[in-house]
Amino acid sequence: DLSLLRSKFRGSMLGVLIGDCTGSPYDNGDQLTSGMKLVLQKSFDKLEGPPFKAPVMQFTDDSAMTNSLAKSLIDQKELDVVDVAKKFVKCYYQEPNRGYGMGVITVFQKLRGNKFTDISSPAKEQFNGQGSWGNGGAMRVAPAALFSYENYDKLLDTVRNVTQITHTHKVGIDGAILQATAIYQSLRLDPNEELNVINFIDDLICKMNQIEKDEEGLGLSEPQPYKVQLCIVKSLISENDEGLRDEKVIQKLGNSVAALYSVPTAIFCFLRAQKPITGIQTDNPFRRAVQYAISLGGDTDTIGSMTGAIAGAFYGEEKINSNLLQHCEASEEFRILGDRLFELSVAR
Ligand code: F2R
Ligand code: MG
Ligand code: MG
């Protein structure tokens, strides 16, 4: 069904934006108090309620970089890493106050300094040559997953190349692969049928097992860290709702800027929100996923955004409240980018 698939492409792009815009006011690295969780609930209720005039909620680096990547893929009709790098850097210097990661700014400075003649060295030099394991590769990866809709090997190739512009640590790259894979799987599922959450995780475990096995010998103390985290996702998802407290989820999965402690968390939020969650009052499973992700605190804009990208790819635009969208900066632009990527990848 092509119209459902188009809606899923739009949903994923809009999910990135909504999670980022609604999550960034809570992004101070801490857990949310019960009072803040109530504020979050009321805020979503208001944004989804009858239209009212207010300044739009602004997006941050997550959406800015997603936007640049989408535009580059659409303009070039293929992955052109020099063009992507130029767009990232131009966007950063136009609006440097979008809350970028501290390290990544050095990459932008070096890329501008070498006039894009050397794309790969600046990222490799990060953190004394280790490369970044931040979630900045994963947070912007949705357009690469949509662009590679028809071919998983193309997805792996595209994601690796686009991530390495800024993130060369294996854990940073594999986090982006995992996030893209979750979107890829979500696009292929029917939102009108009950999601088999165990199958969804098992498919992710199987793919990450292969990827991490192929990369063994790179010197990590835990050679398959994503497989380990996904097995924890699988065990937590089987626990009953009442007994599963936020503290436990945060302790087991994390909520930080590290890709390893945020991408599996976003996947867990999407899966857990298939059913009602105590303390999150809504019938809408897309909103439930994003609101739950933000309520876990920590890197709220990014975990909200990654959860939104996966949930939007599963449910499609239909489940996204149009009043809420009106309050997000650039929502029409993100919808159009979803359409353009759909036309490029599916309806050529
Ligand atoms: N930067 C933020 N949030 C913090 C403050 C925002 C605040 N509201 C404001 O406006 O001031 N958010 C954004 O950053 C995250 C994505 O970061 P990215 O792109 O991965 O950047 P970076 O700098 O490469 O990595 C992030 C931090 O992780 C630590 N780190 C990474 N690799 C490391 C390594 N090999 N060794 C040691 N530390 C490493 C560093 O602390 C990096 O600064 C998203 O949350 C986005 O929203
Ligand atoms: Mg951000
Ligand atoms: Mg963030």
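**Group meeting: contacts, burial and ring pairs**

Okay, contacts to begin with: of those in the protein between residues at least 6 apart in sequence, 76% join residues at least 24 apart, where contact means heavy atoms within 4.5 Å. Bear in mind that this is a predicted model, where local features need pLDDT of at least 70, side-chain atom pairs count only at pLDDT 80 or more, and totals for chains, interfaces and linings use all residues. Housekeeping: residues are numbered from 1 along each chain as its sequence is written, chains are lettered from A and ligands numbered from 1 in the order in which they are written, and side-chain values use heavy atoms, with hydrogens and water left out.

Now burial. Buried residues make up 59% of the 348 residues; that label means under 20% relative accessible area, with a 1.4 Å probe and protein chains only.

On to the rings. Searching the whole structure turns up 13 aromatic pairs: rings of Phe, Tyr and Trp (its six-membered ring) with centres within 6.5 Å, called stacked with planes under 30 degrees apart, edge-to-face over 60, and tilted for the rest. One of them is Tyr-152 with Tyr-184, tilted, at 5.2 Å centre to centre and 55° between the planes. Tyr-152 sits in helix α10 and Tyr-184 in helix α11, so this pair ties together parts 32 residues apart in sequence. Tyr-152 counts as buried at 16% relative accessibility, and so does Tyr-184 at 10%.

Then there's Phe-314 with Tyr-315, edge-to-face, 4.8 Å centre to centre and 75° between the planes. Phe-314 is buried at 1%, and Tyr-315 is buried at 8%.

Last one: ring pairs join Tyr-92, Tyr-93, Tyr-100 and Phe-108 into a cluster.

Conventions:
Buried means under 20% relative accessible area, exposed over 50%, partly exposed in between (1.4 Å probe, protein chains only). Helices (H or I, at least four residues) and strands (E, at least two) are DSSP runs, numbered from the N terminus.
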